[in-house]
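Biologist: I would like to learn how to read a fold, going from its strands and helices down to single side chains. Could you take me through one, giving the general idea before each case?

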Amino acid sequence: MNRVYLDHAATTPLKPAAREAMVAAMAVFGNPSSVHGEGQAARALLDDSRRAIADVLGVRAERIVFTSGGTEAANLAIGGVMAAAKGRKVAIAGIEHDCVIGAAWRYDVVEIPVDSDGVVKLDALEKIVAAGDVALVCLMHANNETGVIQPVKEAAALAHAHGALLFVDAVQTVGHLDVKPDEMGADLLGFSAHKFGGPKGVGALVVKPELDFVPQMMGGAQERGRRAGTENLPAVVGMAAALGELIDTSDLMARLVAGLEEIPGVGIVAEGAVGVPHVLQLRVPGRNGEDMVIAMDLAGIAVSQGSACSSGRVKASHVLKAMGYSEQEAGEGLRISLGWNTTVADIDAVLAALKRVVA
């Protein structure tokens, strides 16, 4: 059976350019923290990659802190700020990724409500930060289940007006959109390489240098003292190579949306909101999302229900529940996400399979 992979929001295949760069980097075996020639060769490659990534994001290279991925970036951002916040609160929306929710709930949390499209309510956010006891606002750039883009620039202005910082989870947008942390007002911004054709196990946190920030991993002076541990040089090099070219799937998404209109019973979640051109969530009322995922998999199509537990079992979407869906309705989601190697034939195949499965 010819398989079609349309779960790129979970992970995406390694780009050839990233693979080639990583293979070459594996020959540079020195520790970037060592002072001898081998170490300095590794340091030069690490610095070149850091500059290349920083150039794409429009920031200075020294603001890039390499991490093991988006989850560590979120934990580092939230823990780093809140450790210096002296008992103040963190505000998060109920649609955030589990890594943000899990990291934030170690502290005093205020939840920001969202509307029926999953867009954060700015008037509610303003009231929350106006109380003056919020140190950090966490707001993802685009939701990993629905693809809905959040008003991060407006949220940043509200946060800054009342003395709070803004952390942006940009895992689903870096590599897909032209993300510039300073233009959106992000004080901290995290992303992960394997969402845009880089390797798994590497990501980064962009940090403003003037922040009162406490490192969360101790034991070394790497990353300017903000994240201890020898850097994963081949993975960093692969991430930089993968980030060199943005992934444009807008035409393919338009074809998918047009085709879905021809399938009775299929609805698009948050259809009225602005979303990224590679993530779309559907609902077929009365049909369990997990059953749909299994049926599509048997038809040769890899899609997902959205976020998954660590065991690999799917669950009712906390994102949909935050948007006002019932427990049953929140279990009816089906996510289709496109990537750098998605083709027209893939879109046509998923539409044909979905039509059969729904019927």
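This is a predicted model: local features need pLDDT of at least 70, side-chain atom pairs count only at pLDDT 80 or more; totals for chains, interfaces and linings use all residues.

Biologist: Which strands pair with strand 8, and in what sense do they run?

Modeller: In general, the strands of a sheet pair through backbone hydrogen bonds, and they may do so in a parallel or an antiparallel way. Here strand 2, residues 64–67, is joined to strand 8 by 4 bridges and runs antiparallel to it, with isoleucine 64 standing opposite valine 206. Strand 7, residues 188–192, is also antiparallel to strand 8, over 5 bridges, and in that pairing leucine 188 has valine 207 as its bridge partner.

Biologist: What is the order of the strands in the sheet, and which of them stand at its edges?

Modeller: The sheet is open and is formed by 7 strands in the order 2-8-7-6-5-3-4, with mixed pairing. Strand 2 and strand 4 (109–112) stand at the edges with a single partner strand each, so one side of each has no neighbour in the sheet. From one strand to the next the twist averages 20 degrees. For a parallel case, look at strand 3, residues 89–93, which is joined to strand 4 by 4 bridges; there isoleucine 92 has glutamate 111 as its bridge partner.

Biologist: Which residues of the largest nonpolar core touch the most other members?

Modeller: In soluble globular proteins, nonpolar side chains tend to be buried together. The largest nonpolar core here has 62 residues, of which Ile53, Ile64, Val137, Val174, Leu189, Phe191 and Phe196 touch the most other members. Helix 8 gives the most to this core, with 7 residues. Another core, of 27 residues, lies apart from it and has Val4, Met296, Leu351 and Leu354 among its members.

Biologist: Is lysine 180 buried or exposed, and what does its side chain reach?

Modeller: Lysine 180, in the loop between strand 6 (165–169) and helix 7 (181–184), has 19% relative accessibility and therefore counts as buried, the cut-off being under 20%. Its side chain reaches the backbone oxygen of valine 56 at 3.0 Å. Leaving aside residues up to four places away in sequence, lysine 180 touches Val56, Leu57 and Gly58.

Biologist: What is phi in glutamate 223 and in arginine 224?

Modeller: Most residues other than glycine have a negative phi. Glutamate 223 has a positive phi, near 55 degrees, and arginine 224, likewise not a glycine, has a positive phi of about 55 degrees. Glutamate 223 is found in the loop between strand 8 and helix 8, and arginine 224 has its place in the loop between strand 8 and helix 8. At 5% relative accessibility glutamate 223 counts as buried, whereas arginine 224, at 63%, counts as exposed.

Biologist: How many disulfides does the structure hold, and how far is the sulfur of cysteine 99 from the closest cysteine sulfur?

Modeller: A disulfide is a covalent bond between the sulfur atoms of two cysteines. The structure holds 0 disulfides. The closest cysteine sulfur to that of cysteine 99 belongs to cysteine 138 and is 9.6 Å away, too far for a bond. Cysteine 99 is buried, with a relative accessible area of 12%, and cysteine 138 is buried at 0%.

Key
Residues are numbered from 1 along each chain as its sequence is written. Side-chain values use heavy atoms; hydrogens and water are left out. Two strands pair if DSSP finds at least two bridges between them. Helices (H or I, at least four residues) and strands (E, at least two) are DSSP runs, numbered from the N terminus. A nonpolar core is a set of buried Ala, Val, Leu, Ile, Met, Phe, Trp, Tyr and Cys residues joined through side-chain atoms within 4.5 Å. Buried means under 20% relative accessible area, exposed over 50%, partly exposed in between (1.4 Å probe, protein chains only). Axes are lines fitted to C-alpha atoms, for helices over the stretch in contact, and angles run from 0 to 180 degrees between N-to-C directions. A polar contact is a pair of N or O atoms within 3.5 Å; within protein, one must be able to donate a hydrogen and the other to accept it, and residues adjacent in sequence count only if both atoms are side-chain atoms. Contact means heavy atoms within 4.5 Å. A disulfide is a pair of cysteine sulfur atoms within 2.5 Å.
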